[in-house]
Amino acid sequence: MSDVKVKVGILGASGYTGAELVRILAHHAAAEIVLLTADRRAGRPFGEVFPHLAHLNLPTMIRIDEADWDSVDFIFCALPHGTTQEVIAGLPGHIKVVDLSADFRLFDAATYKEWYGAEHAARELQKEVVYGLTELHREKVAKARIVANPGCYPTPVQLSLTPLLEQKLVLAQDIIVDAKSGATGAGRSPKEGLLFAEVTEGIHAYGTGGHRHAPEIEQGLAWASGEDVVINFSPHLMPMSRGILESIYVKMADGVTPEQIHEVLAKRYAGEPFVRVLPFGATPQTRHVRGSNYVLIGVVKDRVPGRVIIVAVEDNLVKGASGQAVQNMNVMMGLPETMGLEIEPLFP
Ligand SMILES: NC(=O)C1=CN([C@@H]2O[C@H](COP(=O)(O)OP(=O)(O)OC[C@H]3O[C@@H](n4cnc5c(N)ncnc54)[C@H](OP(=O)(O)O)[C@@H]3O)[C@@H](O)[C@H]2O)C=CC1
Ligand SMILES: CC(=O)N[C@@H](CCC(=O)OP(=O)(O)O)C(=O)O
């Protein structure tokens, strides 16, 4: 392999996904971080904002309008949604981009406006964007200049249901996704609902009946099934820093058994480095993926005839954000897909 490194910039480096990108890229053999940006924290050395990464001696974070784009080959855009589309539209064409925000994930303009409350400011770019759930869209990701990295909740459920919907083994109606997330999913900006006292020793549902990840999940499942899909999606905030667990309840097509569902998923992901299907009947835990890029999927027989329960976990900051973003960069740059991502989970 050549010694030439991909010159990487991270926009939004002072946030949780920014720090996670740095943690992963620090051990990436073919990437060099040359640009870090921030907003309120612009002007501060990265190692001062994240002392646990101070030894990497990275550049001071600057404002986006101070960036020298000529020095950069690849951008990870880890900015809040709504602020990203204009920034990406303004980047020179030689730069490839993985956008971690929601700005380019919805391919229907009306759906975007309905859920994000505004007209898209860079709609013309959408046609060159590829949805970056790597295992499902790898060939398109490889050719893309701009990749929309999936939301944290949409990854495990799409990995679990796509092979089943493609083969019509489960029904596209009556899908229930009960999801739980750690608090880093909400980002690092201070919010009252994220105070220690409001998160610890309790759990609560939020966005119930109308979370903006529902249309993103439905879009992906409709691609798989070839028909419109409507899901019940209910997220919950858990007293933990990272991790997502999704319990997915689906109806099987006539004559299909839970064992068959398990076999199909196990076969589909047998060659995938980051998706592991557990033995039939076993269920994964968030602590089994903490800090790693793995998604674990468990298939369980429901006592209710005709139904099956799938339980899937990921680390929201890794496979749910920065890990999958690096996986996509590897594919886009023709590098080994696992480069920088061979990190074992931190247990317990
Ligand atoms: N957290 C998660 O689990 C996941 C997050 N995402 C998405 O990734 C993106 C980043 O998330 P996360 O790291 O959690 O967010 P944070 O809130 O932790 O970080 C946001 C970053 O963007 C910068 N920023 C904020 N406002 C502006 C602005 N107006 N112009 C330029 N820079 C700005 C912040 O700078 P400063 O610190 O200086 O204010 C900070 O560096 C979001 O779109 C999020 O939805 C996607 C999947 C999972
Ligand atoms: C716990 C929590 O608040 N999670 C966030 C999702 C984070 C994420 O992946 O979403 P986006 O990239 O789409 O913002 C939420 O529910 O809005």
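This section describes the domains, sheets, helix packing, ligand surroundings and backbone geometry of a predicted model.

The protein is divided into two domains, with domain 1 covering 6-150 + 319-332 and domain 2 covering 154-315. The C-alpha centres of domain 1 and domain 2 are 25 Å apart. Across the boundary, 18 residues of domain 1 are in contact with 22 residues of domain 2. On the side of domain 1 that touches domain 2, two or more residues come from each of α4 (109-116), α5 and α10. Helix α10 provides the largest share of that side, with five residues. The residues on this side of domain 1 comprise nine nonpolar, six polar and three charged ones.

One open sheet has six strands in the order β2-β1-β3-β4-β6-β5, and its pairing is parallel. Its edge strands are β2 (31-37) and β5 (129-131), each of which pairs on one side only. Direction ignored, neighbouring strands of this sheet are turned against each other by 20° on average. Within the sheet, strand β1 (residues 6-11) runs parallel to β3 and is joined to β3 by four bridges. In this pairing, I10 stands opposite F76 of β3. Helix α1 lies across β1, β2 and β3, and its direction is at about 160° to that of β1.

A further open sheet has seven strands, ordered β8-β9-β7-β10-β13-β12-β11, with mixed pairing. Strands β8 (204-205) and β11 (275-277) stand at the edges with a single partner strand each, so one side of each has no neighbour in the sheet. The pairing of β8 with strand β9 (residues 231-237) is antiparallel and extends over two bridges. Here H204 stands opposite L237 of β9. Helix α6 (residues 154-166) packs on this sheet, where it touches β7 (175-181), β10 (244-251), β11, β12 (295-301) and β13 (307-314). The direction of α6 makes about 140° with that of β13.

Helix packing was examined for α5 (residues 134-143) and α10, whose axes come within 9 Å and cross at roughly 35°. The crossing of these helices, α5 and α10, is right-handed. On the α5 side the contact is made by T134, R138, V141 and A142, and on the α10 side by Q324, Q327, N328, V331 and M332. The class composition of the contact between α5 and α10 is four nonpolar, four polar and one charged.

Two ligand sites were characterised. Around ligand 1 there are 31 residues, of which G12, G15, S101, G187 and R188 come nearest. The shell around ligand 1 receives at least two residues from each of α1 (16-25) and α10 (318-332). Of the elements, α1 gives the most to this shell, namely three residues. The shell around ligand 1 contains 12 nonpolar, 15 polar and four charged residues. Ligand 1 lies between domain 1 and domain 2, because both domains give residues to its shell.

Ligand 2 is surrounded by H81, S101, A102, G151, C152, S181, G185, A186, G207, P235 and L237. The shell around ligand 2 has five nonpolar and six polar residues, and no charged ones. Domain 1 and domain 2 both give residues to the shell around ligand 2, so ligand 2 also lies between them.

Two features of the backbone remain to be noted. Most residues other than glycine have a negative phi, and most peptide bonds are trans. N57, a residue other than glycine, has a positive phi near 50°. N57 is found in the loop between α2 (46-49) and β3 (74-77). The peptide bond from F347 to P348 is cis, with omega near 5°. P348 is found in the segment after α10.

Technical notes. Residues numbered from 1 in each chain as written. Chains lettered and ligands numbered in written order. Predicted model: local features only at pLDDT ≥ 70, side-chain atom pairs only at ≥ 80, totals over all residues. Near = placed C-beta within 6 Å. Nonpolar A, V, L, I, M, F, W, Y, C, P; charged D, E, K, R; others polar. Domains from an automatic or database assignment. Axes fitted to C-alpha atoms, helices over the stretch in contact; angles between N-to-C directions. Left-handed = near helix turned anticlockwise from the far one by under 90°. Contact = placed C-beta atoms within 7 Å. Pairing = 2+ DSSP bridges.
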